[in-house]
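Subject: Structure handover

Hi,

Here is the structure I promised to pass on.

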Amino acid sequence: MSITELLLEIPADHIRNVFGQYDAYVKIIEKTLNVTIIARDDQVKVIGEGEKAEKAKSVLNQLAELSRRGSTITEQNVNYALALSFEEKESAIVEIDQDLICHTINGRPIKPKTLGQKQYVDQIRKKMIVFGIGPAGTGKTYLAMAMAISAFKNDEVGRIILTRPAIEAGEKLGFLPGDLQSKVDPYLRPLYDALYQIMGPESFQKNMEKCLIEVAPLAYMRGRTLDNAYIILDEAQNTTPAQMKMFLTRTGFGSKVIITGDQTQKDLPSGTLSGLDVAIKVLKGVDGIGFSYLTSQDVVRHPLVQKIVKAYEEYENKEEAKRRRQMAGSAQDARRERRDSKTEYRSGVKGGSKVASVRVKRKN
């Protein structure tokens, strides 16, 4: 393979953002694509094998474009741009960045960061009911909250209703002290955290007092009809089929419903069916209902979280394949035993008839 040298221009005031502190981001690109990157003023030289050098140049160009748009480049941006480059989709990272949902109380823009998240947000805009399914850290709940608050501020809906099943994550907490709100607050804390970050505590509290924002356990949804509302059900994998049906049938006119869940993290008692799993099978293909499946590639927390999720996915896939092989082997053994027993029975019957015929001849 011949070594290629490619030149590109990145304005000096964007170099630090694109290269990262102590050139951390450039080192990731160099290691991943086996290239060398050298910067002098606003000139950047990429040295490496032809195709790899082209990929590195394309990734740097996309990161530079993000920087020009005012985005602060993160390690997640770099890793995702590299991942897209192997699929020849690296230009999508700029398209994703153009989709602004809203701003946090501190002015930070909230945008989808991966293609999976972009498709999820687009589904929410188009469909009345959307299921966001994927592992931890993929932004399922946070993006749904951002979309809900944006719709609320734009007067598209009159209120926001947030709910989740009150079930312990593998632990028994016992009887909690305080009034009813104090008892359910620990289960709803992730929803409060997102609200505080996007709306601010004062705005949130004011809207809570006016009953324009409601945060409640799933059990409180029974018997209600929810019109002109943005309704989010979080941790849906911990619902029973009856709870899920009850929740979905609360939907009224002018409402939008988002259901988020992670099928790999169920806290239901052993042997209990998940309402999320059943809903996916029952509602697949129903017009007006969208399903968005996020993967480990859509994890936007610390890069180590993505590695953990991927490692667990690989382990669970191996265990599932092993279990299927064992089941297939057991079924094959059972078939062989039945076949052998039939053969023995037939041999016994034939042997018995021969003996009987010999006895008849002797009598005669």
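Below is what turned up when I went through it.

Before anything else, this is a predicted model, in which local features need pLDDT of at least 70 and side-chain atom pairs count only at pLDDT 80 or more, while totals for chains, interfaces and linings use all residues. Residues are numbered from 1 along each chain as its sequence is written, and side-chain values use heavy atoms, with hydrogens and water left out.

Aromatic rings

Searching the whole structure gives four aromatic pairs (Phe, Tyr or the six-membered ring of Trp, with centres within 6.5 Å; planes under 30 degrees apart are stacked, over 60 edge-to-face, the rest tilted). One of them is Y192 with Y196: the ring centres are 6.3 Å apart and the planes sit at 25 degrees, so this pair is stacked. Both tyrosines belong to helix α8 (residues 180–199), four residues apart, or about one turn of the helix. Helices here are DSSP runs of H or I with at least four residues, and strands are runs of E with at least two, numbered from the N terminus. Y196 also pairs with F204, this time edge-to-face, because the centres are 5.2 Å apart and the planes are at 75 degrees. Together, the ring pairs make a cluster of Y192, Y196 and F204.

How covered are these three? Buried means under 20% relative accessible area, exposed means over 50%, and partly exposed is in between (1.4 Å probe, protein chains only). On that scale Y192 is buried at 5%, F204 is buried at 1%, and Y196 is partly exposed at 29%.

Helix α1

In α1 (residues 12–19) the buried residues are H14, I15, V18 and F19. Looking down the axis, they fall within an arc of 125 degrees (taken from the directions from the helix axis to the C-beta atoms), so they line one face of the helix. D13 and R16 are exposed on the other side. The buried residues of α1 pack against α2 (24–33), β2 (36–40), β3 (43–49) and α3 (50–68), with contact meaning heavy atoms within 4.5 Å. Just after α1, G20 has a positive phi of about 85 degrees.

D234

This residue is in the loop between β9 (229–233) and α10 (241–248), and D234 is buried, at 4% relative accessible area. Which side chains does the side chain of D234 make polar contacts with? The partners are T141, at 2.7 Å, and T260, also at 2.7 Å. A polar contact is a pair of N or O atoms within 3.5 Å; within protein, one must be able to donate a hydrogen and the other to accept it, and residues adjacent in sequence count only if both atoms are side-chain atoms.

Nonpolar cores

A nonpolar core is a set of buried Ala, Val, Leu, Ile, Met, Phe, Trp, Tyr and Cys residues joined through side-chain atoms within 4.5 Å. The largest has 33 residues, and L195, V215 and Y230 touch the most other members. Helix α7 (140–153) gives the most to this core, with nine residues. Apart from it there is another core of 32 residues, including L33, V35, V44 and A53.

Cysteines

The search found zero disulfides (pairs of cysteine sulfur atoms within 2.5 Å). C102 is buried at 13% relative accessibility, whereas C211 is exposed at 57%.

Cheers
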